[in-house]
Amino acid sequence: MNRQTHHFFLALPIPKEMAIQVVRIVKKENADLAFKTWVEPEDYHITLHFLGYASKEQLLKLNHVLPHLVGNWKSFELEITHFGSFGEAQAPRILWVGVREESSLFSFQYEIGTICKQAGFELERRPYRPHITVARKWDREDPFSLARLASEINKTKCNWKWQVKEVLLYQTCIDRLPKYEAIYRYPLQ
């Protein structure tokens, strides 16, 4: 497999039990949620940096420095707190689940970005908005309403907190589902 033809990104994996709980919430509402594409629960993640196409040299540079940086970080806690959307409110491009803002996550993402730039990657310039993409492209004439999903996370008895223990380098495999394959794991302290 020629890895140079794939897109790559660095991300935080989501615990399987949380992904299952998110799916339960959206399936409960799924009859009225008409999105063109639903993300496979195995593909749920929080992107740190989208890298795009990568040369072998870029991946080698990244893998030379990133394990040391990530290994010097202590594990930190994240918590799923709410649903949100990107795009037009009544016909969103993306339905997502958000996490409580944690300064550790933003500092971690920034430091990893510095390493990515040193490895020759061009990074996203928009402000960082950590989220888990659940669905794409509203596919109905009638308007989407985020309000009915707003309280669903609080109604479940699930513990929505978890410890971030690793960063994964994923490659995108568009021709299969789930479509993200973890090719490197970088553990935190």
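Reader: Which residues of α3 are buried?

Author: Buried means under 20% relative accessible area, exposed over 50%, and partly exposed in between (1.4 Å probe, protein chains only). In α3, the buried residues are L105, F108, Q109, I112, G113, I115 and C116. The model is predicted: local features need pLDDT of at least 70, side-chain atom pairs count only at pLDDT 80 or more, and totals for chains, interfaces and linings use all residues. Residues are numbered from 1 along each chain as its sequence is written, and side-chain values use heavy atoms, leaving out hydrogens and water.

Reader: Where do the buried residues of α3 fall, seen down its axis?

Author: An α-helix has 3.6 residues a turn, so residues three or four places apart point the same way. The buried residues of α3 fall within an arc of 160 degrees (taken from the directions from the helix axis to the C-beta atoms), so they line one face of the helix. The face turned away from the buried side carries the exposed residues S103, Y110, K117 and Q118.

Reader: How many salt bridges are there?

Author: A salt bridge is a side-chain nitrogen of Lys or Arg within 4 Å of a carboxyl oxygen of Asp or Glu. By this rule there are seven. One of them joins the side chains of E152 and K155 (3.3 Å, N to O).

Reader: Are E152 and K155 buried or exposed?

Author: E152 is buried, at 5% relative accessibility, whereas K155 is exposed, at 54%.

Definitions and conventions:
Helices (H or I, at least four residues) and strands (E, at least two) are DSSP runs, numbered from the N terminus.
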